[in-house]
Amino acid sequence: MLYAQNREVVIPGQLIAEGSHSVYGGAFKEGNRVYSSVIGLMSVRGQDISVIPLGGRYMPRRGDVVIGVVMDSHHSGWILDLNSPYVGNLFVSDLEGRKVDLDKEDISQFLSMGDVVMAEIRDVDERMRVLLDAYGPGMGKIRGGKMVEISSAKVPRVIGKKGSMATVLQSTSGCKIKVGQNGRIMIWGDDQRMVNAVVEALLMIEREAHTSGLTDRVKQFLEKMKSEGK
Amino acid sequence: MMGKPEKLIVDGKRLDGRGPDELRPLKIEAGVLKRADGSAYVEMGKNKVLAAVYGPRELHPRHLQQPDTAILRCRYNMAPFSVDDRKRPGPDRRSVEISKVIREAFEPVVFTKLYPRSGIDVFIEILQADAGTRTAGINAAAVALADAGVPMRDLVSSVAVGKVDDTIVLDLTKDEDNYGTTDMPIAMLPRKKVITLLQMDGHFTPEEFERAIEMAMKGCEQIYEAQKQALKAKYETKPEEG
Amino acid sequence: MYELVSTVKRDYIVDLARQDKRADARALDQYREVSVETGLIENAQGSALVKMGNTQVLAGVKIQRGEPFPDTPNSGVLMVNAELRPIASPTFELGPPDENSIELARVVDRGIRESETIDLDKLSITPGEEVWMVYIDLHALDYDGNLIDAASLAAVAALWNVKKPHVEGWTLEEFPVVKKPVAVTIAKIDGKLMVDPSLDEQNVMDARLTITTIEDDSICAMQKGGIGYLTVEEIKAACELARIKAAELRKHLG
C-alpha cells in the first residue's frame, strides 16, 4: 500500500507506504510501515522504495570521482577537503602511481595548499576514513577553469540519464566540464560569457532538479545565450 | 510597560481577541539563508526567529568526536534588540538552559548514527521576542534541519500552554506569561505524538495538567501542518521559462 | 575567519581582474543588489535589514536611560556592537567578540560618530546624571562578503527609522539624527580596485579600503584592511569611487 506517488515531494517522518517493501536510502521502516527520513522525491520500483534526497551533505562512497582541495599535508601525503563532513586522504604514491622514496623526494613539489585535485575514492571504512587515488586518466591536479559548488544531491541531474545533461551542457556551450560526485564542477571555456552561462545553467539545474523537462530548458537557455553573444 | 490589566480574559476572549485554544498568527519560511546548509524563519505572533543548521560537518575540537555517531549541538541566542530592556550580548544562564532542552527535544529524532565523528550544529537567533521564543525556535529548527537534508524520524513541533484567570490558554503572549500563573512549553513528535520537551512553572491541578497537555498537542498538530507546507513550498515553484 | 580558497578559485578571480572583470559578471564599480527594509523589530526603537547580494545584516537601535561619560556630562552616549555569530557563516565561532566583530563595530561607530550623525548634545536628561543611551546592535545573519558596507547602511537606516521613540519619559520631539554617512568598501586585487567585494573576492584580495562619506562628500572615516598595501594613487582613486557610490547607496535611505 503506497501513501505517496512516485516523484512526489515527501518530508521527514511522512508515512509513505505499508506492507512488505524493501527500503533503501532516505527512508526507514517501523514494523510494516515505511517513512521518509529526508525531504526528497518518493521513488518506487516494484517492491523497492527509497526517497531521493533533495539536499544533504556529500557522503563519500567507494568508486565516486570527486574534486578535492588540499587543506593540509603530512610527510607522505595530503588531506583534501571534499565539501563533506569527511576529508579525503591522498598518499603521494597514490597521486604519482608509483612508490615514492620519501628520503629522496620532497612531496611539496607535487601539490600545495589550496590545489584542486580530481580523485577516485578507493575505499571508505566504517569510521569514514576515505582513501583517494589520483593517478588514473583524467585524475590528478586540476589547472585553470572555474569551479562551481552545488548540492551533491543534485549531481545526478547534472550528469543526466546516460550522461544526457552533461552532453547538452558541453556541446551547446562549447565549454568543457568535469563533474565531481561531491557537488564540485569544473568548467573550462574560451568564451567567458558561455562559461558564466554554464554556471547559470548549473544553478538552474540545482534549483529545478525535481522538475521534468529540465534538459530541454537548459538546452534552450544555453542556445539563447550563445545566439545573443553573436 | 503597562500595569497588570484587571482581567486577561473577557467574555471568553483574550486581550488580543483570541479564544483560549487559538494559536497566534503563524508564518514559516524554509531556506532563507545562503551560507547555512539549512535554515528557516518563523513568526509566532510577534516572535521573529531565525534558525540555521550547519552539518553534518567535521567536529572541532577533535576530542569531542564520537567514533560511531554525530554530536548534535544547539545554541539559542537572543539579539540585544529583541526585548524591551536591551539584552547584553553573550550567553546567560537562561540561554544555556534553553539550548540544552532544545537539543534534547531533537535528540530522539535525528539519525545521528549515520554520521560518525561529525557534528550537526543548530543555531537559533531570536530577533524579536514576545514569549514562547523557545517554542518558536524549535519550530524553526525542525524546518531548518529538514531543509539541510539531515535525516530524521519526524519533525518536532512546539507550543506553550498556560493558565490565566483560571483558564487554560494556548500560545501565551508576553503579558499572559507575565501576569498569568502558569507557563508550560512542550515539544511533540507529530507522528507518534510523544513529548520530547516539557517544562513547567506555576500551578496546575492534575486535571488542569491533562487538559493543558491535550490543548498543547492539538496546537502542535496545527503547527506541524504549517511546517510541512513551508518545506513543500520550496519545491512547488514553477520552473522558469527559458 | 580563515577560509581555504582553492588555487583554481584564486587564479580565476585574479585572471578576471586583469581583464577588468569579476566572477559574478559585475563591473568593477558595481554593487550587488541592495535592499533596505526598516521597522521590522517592534521591540527596537529603530531597525533595518540590509541585503547586499547574499550578505544580510540586521541592525537594531535601542534607546535607554543611562549615565553619561564623565568627560561629556551633558551628552547622550552612542554604543555600537557587532555580533558575528556562527548562524551567518561556518567561519564565525562562538565566544567573546573577535577582532573582526570589534573592527566592524568600531568602523561603523566611527562613521556615525565622526560625522555627528546623532546630535548627542540634545540627548541629556539630567545634566551630569542621566542621559539617553543609543545602542546600535549589528547582527550578521548571512555572510557573503562586505559586512562593513551592509552593516553601516543598516545602522544608519535604523537610526533614521527611529523617528519618535516609544520610550518612557521621552521629552524631545523627533530623535535627533541629522546626517546620512555611507561606507563604501573597495578591494584591491592584482592592482585593480573593485567595490563591494564578494566573499570570494575578499578571501583573495590584497587589501581593502573603506571610506565613509556624508552628503557634502566630505570624508568622516576610513579604514584599511587586509594584509597587502595600497599606493597613494590607489587611495585617491578609491576616494573618488567611494564618493560616487556613496551617493547611489544613500538613495536607499530615503
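In helix H1 of chain B, the residues Ile98(B), Ile102(B), Ala105(B) and Phe106(B) meet Arg134(B), Gly137(B), Ile138(B) and Ala141(B) of H2(B), where two residues are in contact if their C-beta atoms, placed from the backbone, lie within 7 Å. By class, this contact of H1(B) with H2(B) has six nonpolar, one polar and one charged residues (Ala, Val, Leu, Ile, Met, Phe, Trp, Tyr, Cys and Pro count as nonpolar, Asp, Glu, Lys and Arg as charged, and the others, Gly among them, as polar). The model is predicted, so that local features need pLDDT of at least 70 and side-chain atom pairs count only at pLDDT 80 or more, whereas totals for chains, interfaces and linings use all residues. Residues are numbered from 1 along each chain as its sequence is written, while chains are lettered from A and ligands numbered from 1 in the order in which they are written.

**Helix packing in chain B**

- H1(B), residues 93-106, and H2(B), residues 133-147, pack at an angle of about 40 degrees with their axes 11 Å apart; axes are lines fitted to C-alpha atoms, for helices over the stretch in contact, and angles run from 0 to 180 degrees between N-to-C directions.
- H1(B) and H2(B) are therefore oblique to each other, given that angles under 35 degrees count as roughly parallel, over 145 as roughly antiparallel, 65 to 115 as roughly perpendicular and the rest as oblique.

**The open sheet of chain A**

- Four strands of chain A form an open sheet of mixed pairing in the order S1-S6-S7-S3, with strands (E, at least two residues) and helices (H or I, at least four) taken as DSSP runs numbered from the N terminus.
- S1(A), 9-10, and S3(A), 22-23, stand at the edges with a single partner strand each, so one side of each is left without a neighbour in the sheet; two strands pair if DSSP finds at least two bridges between them.
- S1(A) runs antiparallel to S6(A), residues 40-45, and is joined to S6(A) by two bridges, and the bridge partner of Val9(A) in S6(A) is Leu41(A).

**Contact between the chains**

- The contact takes 23 residues from chain A and 28 residues from chain B.
- On the side of chain A that touches chain B, helix H5(A), residues 214-229, gives the most, with four residues.

**Lys234(B)**

- Lys234(B) lies in the segment after helix H4(B), 206-233, and touches Ala30(B) and Gly31(B), not counting residues up to four places away in sequence.
- Lys234(B) and Gly31(B) are 203 residues apart in sequence and 7.6 Å apart in space, C-alpha to C-alpha.
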